[in-house]
Amino acid sequence: MSVIDLRSDTVTQPSQAMLEAMAAADTGDDVYGEDPTVNRLETELAKRLGFAAALFVPTGTMSNLLGLMAHCERGEEYIVGQQAHTYKYEGGGAAVLGSIQPQPLEVQEDGSLDLAHVAAAIKPDDFHFARTRLLALENTMQGKVLPLEYLTRARSFTREHGLALHLDGARLYNAAVKLNVDARQITQHFDSVSVCLSKGLGAPIGSVLCGSVEFIAKARRLRKMVGGGMRQAGILAAAGLYALDHNVQRLADDHANAQALADGLREAGYEVEPVQTNMVYVAMGERADALKTFAAERGIKLSAAGRLRMVTHMDVSRAQIEQVIATFVEFSRN
Ligand SMILES: *Cc1c(COP(=O)(O)O)cnc(C)c1O
């Protein structure tokens with residue numbers, strides 16, 4: 001029985017072709033700046049996203065941490081969504097390791113932060129307060145794509161208020177593919193962007209932080225400090241380069257599969273939130289645990305949550321989506 005894992009798009013296995021690209025990679029010691037494949041990945045992604053420089057790191061968590069720490073000194077503050085990954089799902093790293101104070105705000109229905117609320121949260125220049133330095137957004141946010149028009153407003157807003165603007169673009173390419181725009185249409189508004197290669201893009205490991213030359217130099221120093229300096233990392237960067245060349249446009253398939261899953265479940269009577277990209281949220285309430293067990297017995301891995309999140313990715317086919325729908329139908333009859 002082949003397992004269908006819908007817990008996250010992080011679970012993908014590297015394809016044979018990706019493994020071959022990794023095996024063929026030229027490598028060197030990246031702490032000396034001598035890994036040609038890492039250098040190529042950094043140059044390539046910086047260019048694609050319209051930045052002067054980039055830094056390859058093991059995880060998106062580290063990428064965001066370095067981004068926050070490069071923007072904010074001790075006792076400074078970043079404004080962030082209450083449900084944002086950087087704030088809620090990264091072990092409080094910015095506070096623990098960077099002494100950066102988060103100012104979380106409730107995320108709106110469309111995944112954005114209300115700029116009037118952000119304005120109200122910016123601290124006046126007064127020694128009682130932490131210094132507000134940065135606004136951090138996330139795109140996609142729980143599968144939702146931030147409107148381009150909002151990004152334009154966020155950019156001029158942060159300029160007006162003297163804040164930097166960081167994007168947790170773990171799923172930047174899902175947003176770009178959904179909007180059918182060059183990713184640069186999104187990234188042009190930001191001072192720094194973090195992109196995960198190990199989500200829908202299908203690489204086994206790796207994220208990239210993009211920004212100015214100065215910013216990335218600072219982040220590189222911080223990366224060493226937090227233990228993220230890797231050596232012959234070209235074998236990993238090769239997977240990232242392969243992913244950028246082969247796995248971007250196919251994200252549209254994941255989005256179509258997520259839509260098909262949502263449609264099928266809705267038809268079966270489930271309460272499903274509107275789908276934009278590769279995430280499907282279903283209201284399971286108290287039945288979440290029972291469903292998880294029921295599905296596991298049928299080879300389907302789900303999280304157990306009242307607001308159940310299912311994530312489509314390259315290792316889930318349309319036929320398997322139909323199998324998942326059938327399992328939910330069977331469950332609802334029990
Ligand atoms: C996965 C993810 C990250 C970083 O994840 P790692 O597991 O540390 O690579 C950051 N932000 C968002 C929105 C994510 O989904």
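These legends describe close-up views of one predicted model. Residues are numbered from 1 along each chain as its sequence is written, and side-chain values use heavy atoms, with hydrogens and water left out. Because the model is predicted, local features need pLDDT of at least 70 and side-chain atom pairs count only at pLDDT 80 or more, while totals for chains, interfaces and linings use all residues.

**View 1. The shell around the ligand.** Residues around the ligand include Thr-59, Thr-61, His-85 and Glu-138; to count, a residue needs a heavy atom within 4 Å. By class, the shell has 2 nonpolar, 5 polar and 5 charged residues. Here Ala, Val, Leu, Ile, Met, Phe, Trp, Tyr, Cys and Pro count as nonpolar, Asp, Glu, Lys and Arg as charged, and the others, Gly among them, as polar. Helix H3 (residues 60–71) gives the largest share, 3 residues. Helices (H or I, at least four residues) and strands (E, at least two) are DSSP runs, numbered from the N terminus.

View 2. A polar side-chain atom of Asp-168 sits 2.6 Å from a ligand nitrogen atom. For Lys-199, a polar side-chain atom is 2.7 Å from a ligand oxygen atom. Gly-60 uses its backbone: an N or O atom lies 2.8 Å from an oxygen atom of the ligand. Alone, the ligand exposes 380 Å², and the protein buries 83% of that (Shrake-Rupley method, 1.4 Å probe).

**View 3. An aromatic pair.** The whole structure holds 2 aromatic pairs, meaning rings of Phe, Tyr or Trp (its six-membered ring) with centres within 6.5 Å. One of them joins Tyr-270 and Phe-328, edge-to-face, at 5.2 Å centre to centre and 80° between the planes; edge-to-face means planes over 60 degrees apart. The pair links distant parts of the chain, 58 residues apart: Tyr-270 is in the loop between H12 and strand E9 (279–283), Phe-328 in helix H14 (residues 318–333). Both residues are buried. Buried means under 20% relative accessible area, exposed over 50%, partly exposed in between (1.4 Å probe, protein chains only).

View 4. A cis peptide bond joins Asn-139 and Thr-140, with omega about 5°. Thr-140 is in the loop between strand E5 (131–138) and helix H7 (148–160). Ser-99 is not a glycine, yet its phi is positive, about 50°. Asn-180 also has a positive phi, near 55°. Asn-180 is exposed, at 67% relative accessible area; Ser-99 is partly exposed, at 33%.

Technical notes
A polar contact is a pair of N or O atoms within 3.5 Å; within protein, one must be able to donate a hydrogen and the other to accept it, and residues adjacent in sequence count only if both atoms are side-chain atoms. Rings of Phe, Tyr and Trp (its six-membered ring) pair if their centres lie within 6.5 Å; planes under 30 degrees apart count as stacked, over 60 as edge-to-face and the rest as tilted.
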